[in-house]
Amino acid sequence: MPITETVLEYQPGKLQVLQMEGLLSGRARWELIPEGDGTRLTTTFEYELRGGVFGRIADSLIVERMNAKSLEQGLQNFKALVERQ
């Protein structure tokens with residue numbers, strides 16, 4: 001699913017906000033917050049899939065699962081990167 005992402009806000013080590021455009025449009029926010037001896041990563045995805053009723057059906061049957069899988073893989077990659085440093 002082709003999507004163009006534009007960085008709206010970026011603060012190294014703190015925040016990244018992306019605008020997504022394509023078959024789905026919306027925003028993704030990644031925020032790093034110091035917490036004790038570690039850091040809490042909070043992610044928020046707000047999007048809308050084109051296609052009216054068919055888009056909503058595709059979202060519930062396919063896209064939500066793809067997003068969950070992609071987010072889990074991204075978090076595992078981020079964890080591996082942080083643990084190497």
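The chain holds 1 helix and 4 strands, where helices (H or I, at least four residues) and strands (E, at least two) are DSSP runs, numbered from the N terminus. Read from the N terminus on, the elements go β-β-β-β-α. The model is a predicted one, so to speak of local features takes a pLDDT of at least 70 and side-chain atom pairs count only at pLDDT 80 or more, while totals for chains, interfaces and linings use all residues. Residues are numbered from 1 along each chain as its sequence is written, and side-chain values use heavy atoms, with hydrogens and water left out.

A few totals for the chain come next. Of its 85 residues, 15% are buried; buried here means under 20% relative accessible area, exposed means over 50%, and partly exposed is in between (1.4 Å probe, protein chains only).

The 4 strands make an open sheet in the order S1-S2-S3-S4, with antiparallel pairing; two strands pair if DSSP finds at least two bridges between them. Strand S1 (3-11) and strand S4 (38-49) sit at the edges, each pairing on one side only. From one strand to the next, the twist averages 15°, with axes taken as lines fitted to C-alpha atoms (for helices, over the stretch in contact) and angles running from 0 to 180 degrees between N-to-C directions. In general, strands of a sheet pair through backbone hydrogen bonds, either parallel or antiparallel.

Going along the sheet, S1 and S2 pair in the antiparallel sense over 8 bridges, and Tyr10 has Gln16 in S2 as its bridge partner. The hairpin of S1 and S2 leaves 3 residues between the strands, and Gly13 there takes a positive phi near 75°. Strand S2 (residues 15-22) is then joined by 6 bridges to strand S3 (residues 24-35), again running antiparallel. Here Met20 stands opposite Gly26 in S3, and Val17 has Arg29 in S3 as its bridge partner. The hairpin that joins S2 to S3 gets by with 1 residue. Between S3 and S4, which run antiparallel, there are 12 bridges, and Leu32 stands opposite Leu41 in S4. That hairpin has 2 residues between its strands, and Gly36 in the turn shows a positive phi of about 60°.

Gln19 has its place in strand S2 and, at 17% relative accessibility, counts as buried. Its side chain reaches the backbone oxygen of Gly26 at 3.2 Å. The side chains of Gln19 and Arg27 are also joined by a polar contact of 3.0 Å; a polar contact is a pair of N or O atoms within 3.5 Å, where within protein one must be able to donate a hydrogen and the other to accept it, and residues adjacent in sequence count only if both atoms are side-chain atoms. With neighbours within four places in sequence set aside, Gln19 is in contact with Thr4, Glu5, Thr6, Leu8, Gly26 and Arg27.

Glu9, for its part, is found in strand S1 and counts as partly exposed at 35% relative accessibility. Residues up to four places away in sequence not counted, Glu9 touches Leu15, Gln16 and Val17. The C-alpha atoms of Glu9 and Gln19, 10 residues apart along the chain, are separated by 9.5 Å.

What about aromatic pairs? A search of the whole structure turns up 1. Trp30 and Phe45 form this pair, edge-to-face, at 5.9 Å centre to centre and with 90° between the planes. Because Trp30 lies in strand S3 and Phe45 in strand S4, the pair ties together parts that are 15 residues apart in sequence. For the cut-offs, rings of Phe, Tyr and Trp (its six-membered ring) pair if their centres lie within 6.5 Å; planes under 30 degrees apart count as stacked, over 60 as edge-to-face and the rest as tilted. Trp30 is partly exposed, with a relative accessible area of 24%, and Phe45 is partly exposed too, at 38%.

Note on methods
Contact means heavy atoms within 4.5 Å.
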